[in-house]
Amino acid sequence: MEQPEQESVTSLQQPQTAAPPRAQPAPEPEAYSEPGSTVFDAEKVSCYYGSFRAVTDVSLSIYENEITAFIGPSGCGKTTVLRTLNRMNDLVASARVEGDVRYRGASLYGKDVSPIAVRRRIGMVFQKPNPFPKSIYDNVAYGPRINGEHNRKKLDEIVERSLRQAALWDEVKNRLKASGLGLSGGQAQRLCIARTLAVEPDVILMDEPCSALDPIATSAIEDLMRDIKSRYTIVIVTHNMQQATRVSDRTAFFSVLRNEESDTRTGVLVEYGRTEQIFHDPSDSRTEAYVTGQVG
Amino acid sequence: MVTTTGEQLNLREAKGWRRTKNRIATVLMVVAFVLVVIPLVFVLITVVARGIKIISWQFLTAQIPPSVAPADVGGIGPAIVGTFQIVGLATVMAVPLGILGAIYLNEYGGRGPLARLIGFMADVMTGVPSIVMGLFIFSIWVLRFQFSGFAGALALGCLMLPVVIRSTDEMLKLVPNPLREGSYALGATKARVTMTVVLPAAVGGIVSGALLAIARAAGETAPLLFTILTVTAVNRNPFSGPNTSIPSQIFVNATSPYPGAQDRAWGAALTLIVIAFVLMLAARFITARFTRYSR
């Protein structure tokens, strides 16, 4: 809870993207408001699992109230980078992060930073829906409860609001006491999103949230992401390039760098920029090969 | 549309050696099952047949008579009271400690040296014969203080502890990691995650594991031989003076030459089986009840 808030400071910082300056396409479809402040500034972040370097030297900035997509082939470290943003990698015993990630100006990996406080602000939705073996109501009320909210009326309000935001309310309002495990895959994933929204985080990290869902459930979740974008900052890892073009404002393309000498593979950030630019005018040949479907 | 031309398509099971192997394996499994069930059923029938006729309210409550007394005199009241005292005390000591130990092993210790030592010691303790556990308590407790129900409870607790640790450990291992991550991602502390997600998800298995350990302990004789002795009247204070238990009473009565005492042993055996059976049923019921939300 003692996370320092320095929102005004961060607006002074220039975005440090890997994309070269010339890559900005001249005509913008509907004039983007120039991003105000950055939420995350990663500088030369490298992640290790034991002695294995999974990701190397990632530097990027993530902007407020935007949807940022991480794309790239399997094993390129998208998820690892995502998990450094709310210190989920702390839960893996052998994981280690080098470099600096600043969240609204404060270093996430500083000495006194509590990962608990970080995760209360930076929520996460996982690849596989993971509702708790509790009722639908208790699933959504879980986060507010662990944060000390026990007022029955307030909890009712939070549960309804979160379920409405997650576009699940109409489907479950008559069975809030039923098990969260009885929901279909798409419903369960929306329940997990509602659970995350219930703690009113600042940022929502999504790790391939639609990979287990059918197109209809996927489109429901994409609509939901667009709906809540004005209030939250969203970072999404996806294998689905169409999804990145549909929902994201910016895209980061990661790739795998092979080291022939030591026979190791490391994830690198190849290119980062506006989604249209990455998909229509990529400046790196690897990005072009990937987004046009020549590889991967 | 598929039209079969020429030879008829053969979708029947393959003949020959593969089918024979299947038959042999099936027969072997059925035979093994029957071989296992025969002694069980035989024991059950014998105990019920010989024990049922002595069971009465008087038998369950009356003081224990001298061995020479005929079957219709006295009962095993003190033994039932003693069993509940001793097993209850052992449960209060061993179950919370075992569950906490398993939580440490699974959630906190990781692969650290202390967790590995505890896990190894629990495995070693499981292999210690129960009579050795009784001698252990005899030498460290009874010789210094006195025979008492509490000493028996200590011995039973030592037997239950590794069983509870191991069964709880297995149940906690079954809790899927994504559940823990989901809770951490909402800003929960480790203690919260353990209390509100991991334990509720595993509680059915933990409780039934503990009840099975209790049922096992209730039937133990050897650890009680050197720790509680036997008495003929109810000892209301489990912390002082010799006590008795159903298994001890069975042991004493069954080895005596008098038919009345032997009949009382059969009755006591039936009582013990019924107690164990009730505990098993409770374990089943609790497991079913707590897994309400798991599907």
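Where in chain B does P70(B) lie? P70(B) sits in the loop between α2 (57-61) and α3 (77-108) of chain B, where helices (H or I, at least four residues) and strands (E, at least two) are DSSP runs numbered from the N terminus. The model is predicted, so local features need pLDDT of at least 70 and side-chain atom pairs count only at pLDDT 80 or more, while totals for chains, interfaces and linings use all residues. Residues are numbered from 1 along each chain as its sequence is written, and chains are lettered from A and ligands numbered from 1 in the order in which they are written.

P70(B) counts as partly exposed because 13 other C-beta atoms lie within 10 Å; by this scale a residue is buried with 20 or more such atoms within 10 Å of its own C-beta atom, exposed with 12 or fewer, and partly exposed in between, the C-beta atoms being placed from the backbone. Along the sequence, P70(B) and L143(B) are 73 residues apart, and in space their C-alpha atoms are 36 Å apart.

Helix α7 (residues 177-184) of chain B and helix α8 (residues 190-218) of chain B pack at an angle of about 155°, with 10 Å between their axes; axes are lines fitted to C-alpha atoms, for helices over the stretch in contact, and angles run from 0 to 180 degrees between N-to-C directions. This angle is why α7(B) is roughly antiparallel to α8(B), given that angles under 35 degrees count as roughly parallel, over 145 as roughly antiparallel, 65 to 115 as roughly perpendicular and the rest as oblique. From α7(B), the contact draws on L179(B), R180(B), S183(B) and Y184(B), and from α8(B) on V193(B), T196(B), V197(B), V198(B) and A201(B) (contact means C-beta atoms, placed from the backbone, within 7 Å). These residues divide into six nonpolar, two polar and one charged, with Ala, Val, Leu, Ile, Met, Phe, Trp, Tyr, Cys and Pro taken as nonpolar, Asp, Glu, Lys and Arg as charged, and the others, Gly among them, as polar.

Turning to chain A, there are eleven helices and ten strands. Of its 296 residues, 45% count as buried. Among contacts in chain A with a separation of 6 or more, 73% come from residues 24 or more positions apart.

The axes of α4(A) and helix α5 (residues 152-165) of chain A come within 9 Å and cross at roughly 110°, which means that α4(A) is roughly perpendicular to α5(A). Here Y137(A), V140(A), A141(A) and P144(A) of α4(A) meet L155(A), I158(A), V159(A), S162(A) and L163(A) of α5(A). The contact comprises eight nonpolar residues, one polar and no charged.

Strands pair in chain A as well. Strand β3 (residues 67-71) and strand β9 (residues 250-259) of chain A pair in the parallel sense over four bridges, pairing being called when DSSP finds at least two bridges between two strands. I71(A) has F253(A) as its bridge partner in β9(A). With strand β10 (residues 264-274) of chain A, β9(A) pairs in the antiparallel sense over ten bridges, and Y272(A) in β10(A) is the bridge partner of A252(A). A hairpin with four residues between the strands is formed by β9(A) and β10(A), and D263(A) in the turn has a positive phi of about 55°.

Finally, the two chains touch: 25 residues from chain A and 18 residues from chain B take part in the contact. On the chain A side, the elements giving two or more residues are α3 (115-121), β6 (122-125), α4 (136-146) and α7 (185-198). That side divides into 13 nonpolar, seven polar and five charged residues.
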